[in-house]
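Please open the model in your viewer and keep the selection panel at hand. The tour below goes from one selection to the next and says what is there at each stop.

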Amino acid sequence: MELHGSLNMIGYGLAAIGSAIGVGMIFAAYINGVARQPEAQRILQPIAMLGFALAEALAILGLVFAFVVGA
Amino acid sequence: MTAFALPTATEPYVPPSISDTHLPEVLPWLAEYGTGFGKQMVMIILSIILIVWFFKSAIKNPKLVPGKVQFLAESAYGCVRNGIGRDIIGEKNFAQWVPLLFATFFFVLLNNLFGAIPFLQLPSFSHAGAAYAMAIIIYGTWIAVGVKNHGIRYFKLAVVPSGVPGWIMPLMVPLEIISNFIVRPLTHSLRLMATMLAGHMIVMLAATGARHLIMVQESLAMNAIGVAVIAGSVAMYFLELLIMVLQAFVFALLTAIYIQGALDADAH
């Protein structure tokens, strides 16, 4: 059986572990905060979403570079 | 590798690649410059027609006790207005941003859901160009909001964090410039494009893989795996539906967060 494709994708899969852990921790902290103090949800939601966007940015940049860099 | 050797097939399996999302143009006008009129553009026009038709017909003769369609439209509007607009931008000046958020959310949502409708089966935003256009509109909007509210001082407010000791500034300011003005619009668009493209790739992979396993492979076990792939792709379909709605929500939510950040740039 022959396998075709780019090793970049395996590297990207490994790289995505980092931001996956980051996103998981952000939402764990957010859920924790809201569970302890439900009225803080409106304050915490933008912070959690911005943190999620920043952490996920790494995974997205990784995906782009996996496609772009030396296929 | 011999342990994994498949029975000799008459034709080799070719996995779908990213170039398979480029369908032939409907109107090949200037297509060599990438400006042809393709399926994505047809679907974007279709989505606008559908959204306008749905909400117009839903509120054509409004009743005090809403019917099913009116209830759906009203609760969808209320979800965007209260859940995204009022909660994020704040009680004081959210009302003027509701039209933008509402249009953004439903435009992205319907274009994502096209990926789940048979025969259309292609999310418009699986093409990076469509997602870039959306993100550029939002990018221009929140910069304009910041400059309008704070003048040219907005750029200083946006990149110089307050309450940080002076010696760390040479490190913080370039980081803030990169993260706010370069990475932010890129990730805003590519997050949508990457998830939609991944969903579309799963559809293509399941379809071509199942076809290969059932039609080309001769052994019965491989055919059975092909049937299992089709069954598994149904579960992936529902996961994709969830992701499509979630990504439209995240896109609109980030739009609201960026606009709120520009409005209250001096608050923190």
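Begin with helices H4(B) and H6(B), where H4(B) passes H6(B) in a right-handed crossing; a crossing is called right-handed if the near helix is turned clockwise from the far one by less than a right angle, and left-handed if anticlockwise. Helices here are DSSP runs of H or I of at least four residues and strands are runs of E of at least two, both numbered from the N terminus. This is a predicted model, in which local features need pLDDT of at least 70 and side-chain atom pairs count only at pLDDT 80 or more, whereas totals for chains, interfaces and linings use all residues. Residues are numbered from 1 along each chain as its sequence is written, and chains are lettered from A and ligands numbered from 1 in the order in which they are written.

**The H4–H6 crossing**

Select residues 128-150 of chain B for H4 and residues 169-216 of chain B for H6; their axes come within 8 Å and cross at roughly 140°. Axes are lines fitted to C-alpha atoms, for helices over the stretch in contact, and the angles run from 0 to 180 degrees between N-to-C directions. On the H4(B) side, the contact is made by Ala128(B), Ala131(B), Tyr132(B), Met134(B), Ala135(B), Ile136(B), Ile138(B) and Tyr139(B), and these face Pro185(B), His188(B), Ser189(B), Leu190(B), Leu192(B) and Met193(B) of H6(B). Two residues are in contact if their C-beta atoms, placed from the backbone, lie within 7 Å. Coloured by class, this contact has 12 nonpolar residues, 2 polar and no charged, where Ala, Val, Leu, Ile, Met, Phe, Trp, Tyr, Cys and Pro count as nonpolar, Asp, Glu, Lys and Arg as charged, and the others, Gly among them, as polar.

Staying on H4, select Asn149(B), which has its place in that helix of chain B. Asn149(B) counts as partly exposed because it has 16 C-beta neighbours inside 10 Å; a residue is buried with 20 or more other C-beta atoms within 10 Å of its own, exposed with 12 or fewer, and partly exposed in between, the C-beta atoms being placed from the backbone. A distance drawn from Asn149(B) to Ile202(B), 53 residues apart along the chain, gives 45 Å between the C-alpha atoms.

**The H3–H4 loop**

Next select Phe119(B), in the loop between H3 and H4 of chain B. Phe119(B) has a positive phi of about 80° although it is not a glycine, and with 6 other C-beta atoms within 10 Å it is exposed. Gln121(B) lies in the loop between H3 and H4 of chain B and, although not a glycine, has a positive phi of about 45°; with 14 other C-beta atoms within 10 Å, Gln121(B) is partly exposed.

**H3 against H7**

Now select helix H3 (residues 98-113) of chain B together with H7(B), whose axes come within 9 Å of each other and cross at roughly 155°. H3(B) and H7(B) are therefore roughly antiparallel to each other, a term for angles over 145 degrees, and their crossing is right-handed. Among the residues that make the contact are Phe105(B) and Leu109(B) of H3(B), with Ala248(B) and Phe251(B) of H7(B). By class, 11 residues of this contact are nonpolar, 4 are polar and none is charged.

Move along H7, residues 220-263 of chain B, to Val229(B), which counts as partly exposed with 19 C-beta neighbours inside 10 Å. Leaving aside neighbours within four places in sequence, Val229(B) is in contact with Ala206(B), Gly209(B), Ala210(B) and Leu213(B).

**Whole chains**

Zoom out to chain B, which has 7 helices and 0 strands. Its radius of gyration, taken over C-alpha atoms, is 23 Å, and 27% of its 268 residues are buried. Then select chain A, with 2 helices and 0 strands. Chain A has a radius of gyration of 17 Å, well over the 11 Å that the globule rule gives for 71 residues, so it is more spread out than a compact globule; the rule is 2.2 Å times the number of residues to the power 0.38.

Finally, show both chains: 13 residues of chain A are in contact with 16 residues of chain B. On the side of chain A that touches chain B, the residues divide into 10 nonpolar, 1 polar and 2 charged.

Key: Angles under 35 degrees count as roughly parallel, over 145 as roughly antiparallel, 65 to 115 as roughly perpendicular and the rest as oblique.
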